[in-house]
Amino acid sequence: MGQIFPRNANLLIRLSIFAGLLLFVELVLILGVYFRSNYFRQINVAVEQPVAFSHQMHNGVLGIDCRYCHVSVDKSYFANIPATETCMTCHSQIKTNSTKIAPVVQSYNTGEPIEWIRVHNVPDFVYFNHSIHVNKGIGCSECHGQINEMAVVWQEQPFYMGWCFNCHRNPEQYIRPRSEVYNMNYVHPADQLQVGADLVKQYGVASKDQLTNCSTCHR
Amino acid sequence: MAQAQSIRTQSQPDTGDTYLLPGETYTSITSVIGDVPLTPPMKTPKGWIFGFAISFALLMVFLVSVSWLLIRGVGIWGINIPVGWGMDIINFVWWIGIGHAGTLISAILLLLNQGWRNSINRFAEAMTLFAVACAGQYPILHLGRPWLFYWLTPYPNTHGLWPNFRSALDWDVFAISTYATVSLLFWIVGLIPDFATLRDRATNPLVKRIYGVAALGWRGSARHWHRYEMASLLLAGLSTPLVVSVHSTISYDFAISQIPGWQVTVFPPYFVAGAVFAGFAMVLLLMIPVRTFYGFESYITIRHLDVMAKVMLATGMIVVYGYFMEVFGSLYSSSKYEQYLLYNRLYGPSAWAYYGLLFCNAVAIQPLWFRRVRQNIPALMIISTIVSVGMWLERYVIIVISLEREFLPSSWDRYIPTVWDWSLYLGTIGLFFTLTFLFIRVLPMINIFEIRMYLHQETERAHRREAALHGHGHGHGHDHDHGHAHASAD
């Protein structure tokens, strides 16, 4: 009976064992990296809007407070997108003839709302409430980044659940005084852990058990 | 090496007759068993094609049922509150229980040095694997979003969460995946020497190569055998606790809850015994037709069937003890819910299931006390079928009857399985038999080299007995010959 396999067949089999293991490990690693990647999460992708509205100009340079437009952020789960009329409170007087304002004026005249494009999208099964965060001392910039420097807004944080847990498990690392919530340039002090622990107590932030309970965010 | 060999090649104790019919030789064993997978495709027996066609049709039913489930969700089943577990969990427990006979035969009987297991272990292990494959479908499919089943495994996910280790659902994941992995490894390791036999006997060069790759370069050297014995002993050691632990874990799915009838303390051993009981019934149900069809009566003798029937009777009686304990538990509990459960089982709307279960699992096995019944093939077929139905009813009784009448009468409701419940069940039966038919066709369904070794041991034993009868000096003799059985075959 002749040999049915060449001499190096054993080596091939042994190599394929290692290759198989390696392939599996690599596949897991690649998937793990991919699902955390900026590409998959669409981080740092500036989203062009129908109106060339600049947060950098309005908030950063002019210093208009977040709540002038996003009125409901500290009262409701939803930080509203301002109505055209809100824009027109100023722009009926200022830069009325600018081409950049034209879509807003048109919207005002026709009554047709501007179709803004959502940048920060949280899945439907997550009950996210802006007001509780803002009122308990979590600043806008904690999740949205320094909006005051963005001419066009992009997503700065990955917004997956493990990322939420960073804060829900350790709120003292991220909390700030209520007076600083809308300060986009806020820098946490060196003794943040100390200050944060005090603020957590002072603002009555819920216990970590409650913050990490499923039904806190999934109802 | 000495350790490994002392168990596997030790002479059989001199009790009773041999489990092999006389007249078998190493060559006859090898050719009769080995020629089945080596039959050319065009000469496949018509009976096989017929059986496979039916099984494959049922597998397509599975495909349709699962597709519709993925499209529409678990709402297509008959489950609802209060009966949130229906045929999905009934069938899951039923299938995983069936697998246990294979592990018992392959692991525990190996460690107990029961030579007769050599004729049935390959088939029973295959049955284990296929039953686990069927069982594994149900917990995944009943998840609601089955495509996210991997969330149940602990991996560094973006949720920043571990799975809930206090949940029985997660225990199932570990129990079943461990069970499937160890069973598969054990089975494949046991196949390697037989792959080599098939490689050497095959004439078609392609077939030769396929079995050759599977044989992993097996040449039957002493070193190979030493490693083989070591590996299979280690795997037997790993499998042994699994016989007990897997179905105990399944019983915790019920036992950790507060539903009446799910918390009798006898649950884990009662479940394990029930699993072995159902498993042996299934082994009998499958092996009897196969041994007749392929003419394996010399290897799977009437004595094998007799012994398996005895195991079935013994485990069946443990299960009956479990039923007594359930009744005792509810009477003794002083809890009106537990007591009502007994009333509900006896007189409630699903009482037929309880009486059916008592008939199938307690009454129908009693004839097995008689040797004449244990050695009567039609009787064994009938009893095994009744037991398989009975064990299915047992899970129906535990799951459905308890949930239909929970604590609050206002939430009582009936459970009525839909066509999709039944089609999924039929479908997994199709999956099981499709795999079984493929296994019969392409792999040696009896362990060739272990039967050869067993023949060697039996021949030794016969010599020894003869020597003792004729009063020749040292009656133990011939120990130097051990281990040659493998090498001298072919």
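**Note on the predicted two-chain model**

1. Surface patch, by helix. In this predicted model, α1 (9-36) and α2 (38-41) of chain A each supply at least two residues of a nonpolar patch. The largest share, four residues, comes from α1(A). The members are Leu27(A), Leu31(A), Tyr34(A), Phe35(A), Tyr39(A) and Phe40(A). Together they have about 610 Å² of accessible area, and the patch lies on the surface.

2. Leu31(A) sits in helix α1 of chain A. Its relative accessibility is 42%, so Leu31(A) counts as partly exposed. The cut-offs matter here: buried means under 20% relative accessible area, and exposed means over 50%.

3. Gln42(A). This residue is in the loop between α2 and α3 (55-61) of chain A. Gln42(A) is not a glycine, yet its phi is positive, about 55 degrees. Most residues other than glycine have a negative phi. Gln42(A) is partly exposed, with a relative accessible area of 42%.

4. The annotated span of chain A. An unreviewed UniProt entry carries the annotation "domain: Cytochrome c7-like" for residues 126-219 of chain A. In the model, the end C-alpha atoms of residues 126-219 of chain A lie 8 Å apart. The span is 41% helix and 0% strand.

5. Nonpolar cores. The largest nonpolar core has 139 residues. Trp95(B) and Met445(B) have the most contacts inside it. Helix α9 (residues 267-293) of chain B gives the most to this core, with 17 residues. A second, separate core has 12 residues, among them Val134(A), Cys140(A), Ile147(A) and Val153(A).

6. Around Trp95(B). Leaving aside residues up to four places away in sequence, Trp95(B) touches Ala131(B), Cys134(B), Ala135(B) and Tyr138(B), among others. Its contacts also include Tyr425(B), Thr428(B), Ile429(B) and Phe432(B).

7. Asn91(B), a polar entry to check by eye. Asn91(B) is found in helix α4 of chain B. At 0% relative accessibility, Asn91(B) counts as buried. Residues up to four places away in sequence again set aside, Asn91(B) touches Tyr138(B), Trp392(B) and Tyr425(B). Tyr138(B) and Tyr425(B) are also among the contacts of Trp95(B).

8. Backbone points in chain B. A cis peptide bond joins Ile81(B) and Pro82(B), with omega about 10 degrees. Most peptide bonds are trans. Pro82(B) is in the loop between α3 (46-72) and α4 (87-111) of chain B. Leu216(B) is in the loop between α7 (205-214) and α8 (222-255) of chain B.

9. Over all chains, the whole structure holds 13 salt bridges. In one of them, the side chains of Asp194(B) and Arg122(B) meet at 3.2 Å, N to O. Asp194(B) is in helix α6 (residues 168-201) and Arg122(B) in helix α5 (residues 121-141), both of chain B. The two are 72 residues apart, and the pair links distant parts of the chain. Both Asp194(B) and Arg122(B) are buried.

10. Salt bridges: a loop-to-helix pair. Arg414(B) forms a salt bridge with Glu404(B), the closest N and O atoms being 3.1 Å apart. Arg414(B) lies in the loop between α14 (377-404) and α15 (419-442) of chain B, and Glu404(B) in helix α14, so the pair ties together parts that are 10 residues apart in sequence. Arg414(B) is partly exposed, with a relative accessible area of 38%, whereas Glu404(B) is buried at 1%.

11. Salt bridges: within a helix. Arg461(B) pairs with Glu458(B) in a salt bridge, with the closest N and O atoms 2.8 Å apart. Both residues lie in helix α16 of chain B, three residues apart, about one turn of the helix. Arg461(B) counts as buried at 6% relative accessibility. Glu458(B) is buried too, with a relative accessible area of 9%.

12. Salt bridges: a network. Asp306(B), Lys310(B) and Arg374(B) are linked in a network of salt bridges.

13. Thr459(B). This residue is in helix α16 (residues 448-469) of chain B. At 36% relative accessibility, Thr459(B) counts as partly exposed. Thr459(B) and Gly356(B) are 103 residues apart along the chain, and 47 Å separates their C-alpha atoms.

Technical notes: Residues are numbered from 1 along each chain as its sequence is written. Chains are lettered from A and ligands numbered from 1 in the order in which they are written. This is a predicted model: local features need pLDDT of at least 70, side-chain atom pairs count only at pLDDT 80 or more; totals for chains, interfaces and linings use all residues. Side-chain values use heavy atoms; hydrogens and water are left out. Patches are made of residues with over 30% relative accessible area and no salt bridge: like charges are joined within 9 Å, nonpolar side chains (Val, Leu, Ile, Met, Phe, Trp, Tyr) within 5 Å. Accessible areas come from the Shrake-Rupley method with a 1.4 Å probe; for residues, only the protein chains shown count as cover. A salt bridge is a side-chain nitrogen of Lys or Arg within 4 Å of a carboxyl oxygen of Asp or Glu. Buried means under 20% relative accessible area, exposed over 50%, partly exposed in between (1.4 Å probe, protein chains only). UniProt positions are given in the numbering used here, feature names are shortened, and annotations may be inferred rather than shown by experiment. A nonpolar core is a set of buried Ala, Val, Leu, Ile, Met, Phe, Trp, Tyr and Cys residues joined through side-chain atoms within 4.5 Å. Contact means heavy atoms within 4.5 Å.
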